[in-house]
Structure formats: structure tokens, C-alpha cells
Amino acid sequence: MSMKVSRTMILLLLIFLSAFFFRLYFAFQARNYDFDAYFTIRQVENIMQSGVPIYNDPLSYSGRTLFFLPLFHYLLAAAGSLFGTTFAFKILPNLIASTLVLITFFISRDITKNPEVSLVAALLAGFIPVFIYKTLLTVSSYSLVIPLMAFLIYCFMHVERQKFVLLFTAGILVLFLTHPISLVFVLGLLAYIAFVSIERLKHKKAENELVLFAGLFVAWLTLFVYKRPLLEYGFQVIFQNIPADMARGYFSNFSIITSIYEIGLIPFACGIYVIYRYVLRQKRRRIYLFMSLALCLLMLLWAKLVPLQVGLMLLGPILVLLTSQFLKLGMVYFSKTHFHNHKRLLFLGVILAVTFTSLLPSASLASKARDEVASEELIAGLEWLREKTPADSVVLASPDEGYALTAIAHRRNVMDENFLLVPDASQRLADVKTIFGTKYETEAVNLLNKYRVNYILLAGTPDWPAYFSDARCFAVAYRSARVAIVQSLCEVHQA
Amino acid sequence: MRLQKHSDSKVLAAAFMLGLFVLLLPAMSRLAQGHPLLYGTEAYLNARISQQALSPPANDFFVYGTRPFAVNPYHVTVAGLSKLIGIQPALVLIPALLGLGVILLFYSILKKLGLLWEERGWAVMMLILSPAFIYTFTSATAACMSVFLCVLGFRLLMSRNLLACLSAIGALALAVPFGLPHAVIAVFLLLMMLSGSIKPLPRAAAILLLLAAVMLVTGAPSNRLPVSDLLATTLSDFGSLNGFGAFSWILFIIGFFTLWRKKEMFMFEYAALLALALLYFFFGSAVNPYSMFFVSIFSGITITSMLRRRWRVQLIKNLTVMITICGLLFSTAAYLNRLMVLEPSNEAMESLKWLQDQAPGNVLSESSRGFWIEYGASMPVLQDGLSGRDFVQKDMIVMFSSRNLERTKLLMDTYSVRYIWIDSRMRAGQVWSKPDEGLLFLFRSNETFRKVYANPEVQIWEYLR
């Protein structure tokens with residue numbers, strides 16, 4: 001028994017290390033980070049210098065208040081102070097994300113009581129394509145949130161024991177202080193309680209109490225932290241004041257093909273089958289927990305209340321856990337067939353299927369994440385801005401470059417991708433598009449004056465607006481193969 | 001019995017003190033910070049009407065096109081007390097006194113309904129902390145009196161003696177002139193109590209169908225609000241002024257579902273909630289001052305159950321109770337903070353005081369400012385919060401948005417506009433989103449418009465005919 005256990009643990013460790021080194025392999029192929037990462041990087045560097053994050057930001061939108069939860073940033077700052085920024089930004093997030101492998105194994109083993117099935121589930125959890133894509137080089141708090149949610153599920157499953165109640169309590173606090181997506185987790189738990197009632201199963205007192213506590217706690221902290229945005233936007237705060245043009249990209253339609261590719265065919269198909277089976281044919285309390293979370297997420301995705309890739313990232317591990325139940329049912333069925341002596345072949349088939357449907361898409365999306373990082377030329381251009389321009393300069397760039405601009409160049413931007421409590425976000429976006437797209441110099445200069453722009457960053461743009469050639473109003477201050485920085489010299493005066 | 005009386009008096013004393021504090025805090029704080037005593041818009045309408053309530057004219061000439069000068073018992077009461085202490089203090093004191101009366105009556109009703117003393121105590125506390133209660137009894141709106149009359153009438157009807165019934169009918173009848181929502185609720189309460197032999201739910205359903213039919217036939221408006229507006233009008237944390245805190249809602253929903261198993265004991269409460277839910281679709285958040293009683297009952301019962309229940313883990317119980325109380329207090333504190341800085345600002349009222357000394361003439365401004373201008377400057381406006389003339393509204397939109405000077409001048413001559421009153425919120429997106437949009441662009445014409453007053457908040461322009 002102990003030999004079998006230790007063999008399982010060794011295989012688990014191998015899977016964990018494979019997932020971790022897979023991530024590191026792609027992460028270290030890029031010198032820089034995804035554009036979104038620079039928000040976190042700037043906050044972490046500020047914490048390392050001054051001990052506090054930046055809430056009153058003089059650079060973003062040329063001055064605004066930021067709303068975000070800082071626990072992940074503090075964690076990275078502590079790691080960065082001890083082991084350096086490469087460890088903090090590249091290694092630690094991927095290490096934490098890889099712990100999903102371990103947690104999935106233990107949850108799966110609890111449900112199925114089958115170590116081999118649990119190892120397959122752990123393997124699937126280590127290679128969820130969308131999770132790798134969104135956490136590889138983004139220095140994203142989702143690296144912590146997803147494994148933490150899985151851990152909370154594990155604690156919830158053992159709620160009868162005092163130790164796990166305390167861990168759950170501490171975990172929900174950590175989860176909320178990391179990301180407001182904890183609301184979705186609590187909604188899932190509420191859906192579970194409702195499911196138990198509908199199926200006329202006996203309620204576990206401890207579960208009801210924990211869910212009540214979690215719900216009230218998350219509600220209170222949400223109201224406390226997001227008081228101003230809630231007052232300003234009400235229910236629409238979910239959409240984060242993202243301009244309509246951009247919101248279509250964030251809150252895309254839920255597509256099955258995309259989901260299969262980004263979650264993996266096996267978790268998707270098997271997870272959906274298990275949901276179908278346990279909604280319509282069988283009752284099993286533990287499965288209802290995962291089903292409730294999965295159905296909650298599917299509904300939020302369908303209603304476009306959660307960005308598509310975030311929803312898929314949360315859904316992936318849940319479907320992997322449901323897949324372990326499918327595999328267990330499959331094993332039981334298989335043992336009754338004529339091929340029951342060929343278990344090894346079956347496992348080999350499953351591993352091959354996982355390779356083709358999860359590992360290869362993971363590699364593909366990891367490569368895509370690597371290719372989407374900020375280019376060396378852009379970084380060089382931003383460093384030039386920091387060294388050669390006045391500290392109070394305003395730089396116009398595309399919104400996705402906004403974070404990098406403030407983090408590396410330390411200059412004010414016209415806009416970035418954080419739109420919460422920005423009063424004229426849609427108008428700004430329209431103006432930025434006009435500046436880059438208009439044929440009329442006066443219109444462009446008017447808008448540049450409106451935002452007091454001193455420099456315009458052109459990165460990877462093949463066609464410059466024609467009016468940039470007017471030397472009276474524009475001077476090329478910096479040029480490389482794919483990046484140019486143009487200085488705006490003119491002002492429009494009303495007659 | 002002695003123990004219960006002792007508990008009752010303690011709870012009532014605590015409720016009275018808390019109620020007094022909560023109901024007077026907004027006014028005292030506004031005074032201390034130098035803001036105008038009254039906040040919101042309806043308070044200023046009531047102030048102006050109360051000034052003439054004891055000898056009211058037939059028509060109200062403070063709005064373009066006039067309308068009947070509508071006086072209700074609230075205005076008469078304020079007018080009477082204002083002889084001693086002035087209009088604005090009367091508009092603060094009367095709602096506060098009525099609010100304290102409602103607290104006592106509500107407690108008495110809960111006792112009659114058979115709630116335990118702990119449940120009564122918590123329900124009354126929930127009521128006092130409820131933004132709907134605070135708004136109703138601090139904003140100087142007429143709803144404070146109609147709510148008081150309905151609660152008084154209901155309590156008297158519960159006594160089931162002839163004198164009390166007749167007094168109840170009198171009280172409920174006095175609630176009718178306050179407007180259609182209050183009249184409907186008064187009639188509903190009366191019919192519910194008088195048809196006591198029928199079970200509450202079918203009784204409520206029958207009365208509601210009858211009232212709904214009457215309202216539809218007489219053309220009462222219906223709201224048909226989408227879900228996002230439902231949240232915005234019922235949740236104070238989402239911006240509603242007379243809504244409920246998120247925690248009250250959560251506790252109410254828990255209580256609603258958990259008590260459903262014992263619905264026979266709470267038939268009347270469920271029936272009343274059904275009625276209020278239907279009335280919401282006709283009258284929107286005007287129903288909230290009545291819903292607050294039932295939200296308080298269910299949430300009070302939920303808190304009592306949470307405290308009495310034997311939890312598996314004591315730590316979780318302590319944390320849950322602590323979070324609940326913190327959440328309720330935080331919600332109320334945040335709400336009170338909003339009231340303390342709510343418009344109108346000192347600068348707005350100062351500008352109107354200045355305008356009062358100028359030559360009379362019609363004032364053009366956004367319709368939500370109408371009541372302030374009518375009271376503060378004693379000048380007529382084109383539109384205020386009560387007038388619903390669509391053609392005037394359309395012309396006002398043209399006057400605000402058009403860059404055609406001749407067209408704007410023609411309309412201003414038609415409506416005899418003399419002044420244009422603009423505040424910073426109007427310039428920041430409520431009317432105009434750009435500094436040279438519409439009428440703001442036309443202000444460059446020195447022969448047509450002259451800026452006669454400016455402070456950091458407000459500009460007043462004179463139209464030179």
C-alpha cells in the first residue's frame with residue numbers, strides 16, 4: 001500500500017514539475033511581459049520602494065484614483081524583495097498556478113477514491129490552455145485565484161472538520177483581498193445550497209453556515225471597497241465602464257468551439273456529460289458542488305456578465321474535476337467489458353488523447369502568449385521617453401500600451417485599459433481613434449491640445465497619419481525599425 | 001409579564017434614542033458644515049407651498065402654464081408650526097416627530113402580530129437603520145405624514161373596537177390626498193382589515209386585482225422597469241435615495257425563504273409583500289416607504305434566528321454576526337454621509353438668494369432645479385419636478401442644445417425667459433458634455449446674453465430681449 005501510495009505521489013510530483021517547467025520554458029523565452037502585466041509590475045515596484053501601492057495615480061489618464069485589491073501585489077513585492085523581480089514576476093506566478101495540479105489531485109482522489117483517475121485529472125489541470133495563456137506572462141492575480149478557489153472547494157468538502165473550517169475562513173479572506181471574482185465563487189456556493197434543497201437532500205448545517213458566512217463577508221467587503229464605483233454605476237459596475245467598442249471584445253459571445261479549444265476537449269465533453277448525468281439521472285452531493293459552480297459560470301458567460309476568457313479560465317478546473325468522475329464511471333464500465341484486462345492500453349489512450357487535446361493547444365496558446373509580449377523595440381522607445389523627455393510630459397499611445405507607458409517610461413498616458421471611474425472613457429477612446437485615423441491636421445491637433453499631449457508613441461503602426469509629415473507641428477523625436485515617437489508642437493487658437 | 005414589560009421599555013427606549021439620533025443627524029450635520037438645512041428637491045416644493053398653505057391661492061403661478069395649487073394636511077401642519085419656529089426648522093422637526101411616532105406604532109403592531117420581544121427589537125432596529133426610513137423622515141417630503149397616517153390607521157384597525165375603527169378610517173382617509181400610491185395603500189389596508197374572515201393571501205389577491213383594474217381603467221402609469229433599474233431604485237448602495245441597504249436585502253431574502261415553511265404564521269406579511277410587489281410596477285420606488293416595514297420584519301426575524309441558533313462552529317457564528325452588524329452599520333453610515341452633502345449646495349442657494357432681489361422674470365434651468373428656484377428665488381420656472389408638459393420639455397431641450405441663435409431667441413421670447421440658471425452638474429454632462437455645446441456656445445453673443453452672476457458652482461445669465 002505504501003509502495004503504491006509513494007508511486008502515486010512520485011507520479012503526481014512529476015506531473016506538477018512537468019506543468020511548472022512547461023510554463024517556465026515558454027515564460028523564459030520572452031524577455032518582457034504581456035502589456036497587462038505592467039500594471040501589476042508598477043504596483044509591485046512601488047510597494048517594494050515605498051511599502052504601499054499606488055491608489056492616487058498621477059500618470060494614468062494624467063491623474064485618477066485606482067480601485068483594485070492589493071494582496072497579490074504585496075505577495076509579489078515580498079518575493080521580489082527577497083529573491084529579485086524575475087522570481088517575483090516570472091517564476092512565482094507560474095509556480096502558484098502549477099499548484100492547481102496538486103489540489104486537483106487531492107480533490108479528485110476524495111471524489112473517486114481512485115489514484116490513477118486522479119493523476120489523469122491532475123494532468124488535465126496542469127494543461128488547461130486558457131489558464132496557461134492568461135497567466136504565463138501576465139503577472140496576473142488569476143495565478144493565485146484559480147488554485148485558491150480549488151483549495152477552498154477542497155476545504156468546503158471537508159467542512160465537518162474544524163481545521164478545514166478555519167482554512168476556508170482564512171482562504172475566503174485571502175481570495176477576496178486578491179480579486180473580486182470571489183463573488184462568483186460565493187454565487188456558486190449559493191447555487192449549491194439551492195441545488196441541495198431542490199434535490200431534497202439533507203442539508204449539512206456546517207455547509208449552510210459557511211456559505212452564509214462567505215456570502216455576507218464577501219458582500220460586506222465588496223460594499224466597503226467598491227463603494228464609490230457601486231454608487232456611480234450600480235449594477236453596471238460589472239462592465240467596468242469599458243467603452244462599448246471594446247466591451248464587445250471582452251464580453252464576447254460564448255462559443256462552444258472556442259471553449260473546447262481553450263479548456264480542452266476532454267474536460268469540456270466529459271464535464272458536460274457528468275452535469276447531464278447528475279442533473280437528470282443520479283444524485284450525488286459532492287458532484288452537485290462542482291456542478292453548481294459550473295452551471296453558475298455557464299449562466300454568467302451566456303449572459304455576458306463575465307469576460308469570456310476569465311469565465312473559461314474559472315470553468316476549466318471545475319470541468320476537470322467533473323471529468324475525474326467521468327473517468328471513474330468509465331473505469332467501472334470498462335471493467336465490465338471484454339477488454340477489462342487491457343487497462344494499461346486504455347490509460348495510454350487517455351494520455352494520448354490528453355496530449356492532443358490539452359497539451360498541444362496549451363503549447364500553442366503558450367507560444368501565442370510569448371509572442372504577444374511587449375517588444376524589445378517598444379521597451380527601448382519607452383526607456384528613451386523616460387530618459388529624454390520632461391517628467392510631466394503627456395504621451396499618447398494606444399490603450400493597451402498605457403500600462404507599459406506608465407510603468408517603464410513613468411510618463412502620463414491619455415488612456416489605458418482601466419476604465420473604472422473614468423468619466424469620459426468612451427469619448428477618450430473615440431478621440432484617440434480619431435487622432436490616429438483622421439485626415440485633417442486641425443482636428444488632430446485640436447484633440448492633442450485637449451489632452452495636452454506632448455508626444456505620440458507609434459508602435460508597429462505601418463501607416464502613419466499623413467499630417468505627421470507637417471514639420472511645423474510634428475517632429476520625429478525617436479525612431480527605430482518598428483517604433484517612432486513624434487513630438488506635438490502646435491496649438492490651435494480660437495479666432 | 002413583568003419581564004416582558006421591562007424588556008419592552010428597554011427596547012423602546014433604545015429605539016427612541018437611536019431614532020432621534022438618526023433622524024436629526026443629517027440636518028445637524030448639514031447645518032454644522034454650512035450646507036442648506038433641507039436637501040433634495042421635494043423639500044423645497046413643500047417649503048414653498050407651506051408658506052401659503054393657510055391661505056392658498058387657486059393656482060400655482062410659479063410654473064409656466066400654472067397648475068392647481070395643491071395643499072395637503074402636511075403643508076397645513078408645517079404652516080402651523082412654522083408660525084413658531086420658521087418654515088425650514090418645521091420641515092425638519094415634523095418629519096422627525098412623525099418618524100418617532102412610526103417607531104412606537106410599529107413596535108406596537110409587531111407585538112400585536114405576535115413576534116417575540118427579540119424579533120420586535122431587531123425589526124425596529126432594522127427599520128431605524130433602513131435608508132428608506134431615514135429618507136422618508138428626514139427629507140421633508142409629504143410621504144412622512146401619509147406613512148404615519150397609514151401606520152396609525154392600521155394599528156387602530158388592529159384594536160377592533162368601534163371608536164378605534166372610526167379613527168382608523170379617518171386617519172386612512174387623510175392619507176388619500178397625498179397622492180395615488182398612498183391612496184391605494186390606504187384603501188388596500190382598509191379592505192384587508194375589514195374583510196378579516198377571508199384568508200389573507202386570497203383576500204390580498206382579490207383586493208389587488210380590484211385595485212389594479214381600477215388603476216388601469218383610470219390610466220395610472222406603470223413602470224415596467226428593467227432589472228438594472230430595479231436594483232438602482234431599491235438598493236441604497238447602488239445609488240437609491242429611498243431604497244434599502246444591501247445587507248437588509250440579504251437578510252430579508254434569507255428570512256423570506258426560510259419562513260416560507262411557516263407561512264401560515266406569516267400569512268399577512270406575505271400577502272402584504274405580494275401587494276407591494278405589484279404596486280411597485282405602477283408606482284416604482286414610491287412604494288419603498290411601505291415596503292420598509294416588511295423588509296424590517298423579515299430581516300429582524302433572520303437576525304434573531306442567527307443569534308438563537310446553535311452553530312456548529314462558534315467562531316463562524318461570531319464572525320457572521322459581527323459582519324452582519326458591521327455591514328448594516330456601514331451601509332447606514334455611508335448613506336447618512338451621502339445625505340449630509342446632498343444638493344443643493346450653499347453656492348446654489350446663495351445664487352438664488354441673489355436672484356430673489358433682481359427684477360422678476362421666468363427662469364430657464366433644468367427641471368430638477370425648478371423647486372429650488374421657485375423657493376429660493378421666488379421666481380417662476382418653465383418646468384419643475386411636477387409639471388409634465390411634453391411640449392415645454394421639448395422646447396427646453398431645443399433651447400439648451402441648439403446653436404441657432406434666432407431659433408433660441410424665438411423660444412425664449414415665447415416663454416418670456418429672463419434668466420438662465422446653470423450649475424456645474426449641468427455643465428458636466430447632465431445637460432451639456434462639452435464647454436461650447438448648444439446654449440453655452442450662444443452665450444458668446446454679448447448682445448443677447450449677459451452673465452449677471454457667477455460663483456464656483458453657479459452661473460446666472462440674463463437674456464437681453
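## Where the two chains meet

In this predicted model, 27 residues of chain B are in contact with 23 residues of chain A, contact being heavy atoms within 4.5 Å. Together the two chains bury about 2400 Å², with 76% of it on carbon and sulfur atoms; buried area here is the accessible area (1.4 Å probe) that two parts lose on being put together, summed over both. Phe238(B), Arg312(B) and Phe330(B) supply 25% of what chain B buries against chain A, more than any other three residues.

A quick word on ground rules: residues are numbered from 1 along each chain as its sequence is written, and chains are lettered from A in the order in which they are written. Local features need pLDDT of at least 70 and side-chain atom pairs count only at pLDDT 80 or more, while totals for chains, interfaces and linings use all residues, and side-chain values use heavy atoms, leaving out hydrogens and water.

## Charges and helices at the interface

Two salt bridges are counted between chain B and chain A, each a side-chain nitrogen of Lys or Arg within 4 Å of a carboxyl oxygen of Asp or Glu. Glu209(A) and Arg309(B) meet in a salt bridge through their side chains, at 3.2 Å from N to O.

On chain B, helices H11 (227-234), H12 (246-258) and H15 (314-340) each supply at least two residues of the side that touches chain A; helices are DSSP runs of H or I, at least four residues, numbered from the N terminus. H15(B) gives the most, with 11 residues.

Helix H2 of chain A (residues 37-50) has 14 residues and reaches 20 Å from its first C-alpha to its last, close to the 20 Å expected at 1.5 Å a residue, where the expected span is 1.5 Å times one less than the number of residues. Its buried residues (under 20% relative accessible area, 1.4 Å probe, protein chains only) include Tyr38(A), Phe39(A) and Ile47(A). Just after H2(A), Gly51(A) takes a positive phi of about 90°.

Helix H11 of chain A (residues 205-225) has 21 residues and reaches 30 Å. Of those 21 residues, 16 are buried, so H11(A) is largely enclosed by the rest of the structure.

## A buried serine

Ser292(A) sits in helix H16 of chain A (residues 285-302) and is buried, with a relative accessible area of 1%. The side chain of Ser292(A) reaches the backbone nitrogen of Tyr192(A) at 3.4 Å. Not counting residues up to four places away in sequence, Ser292(A) touches Gly188(A), Ala191(A), Tyr192(A) and Phe195(A).

Terms used:
Buried means under 20% relative accessible area, exposed over 50%, partly exposed in between (1.4 Å probe, protein chains only). A polar contact is a pair of N or O atoms within 3.5 Å; within protein, one must be able to donate a hydrogen and the other to accept it, and residues adjacent in sequence count only if both atoms are side-chain atoms.
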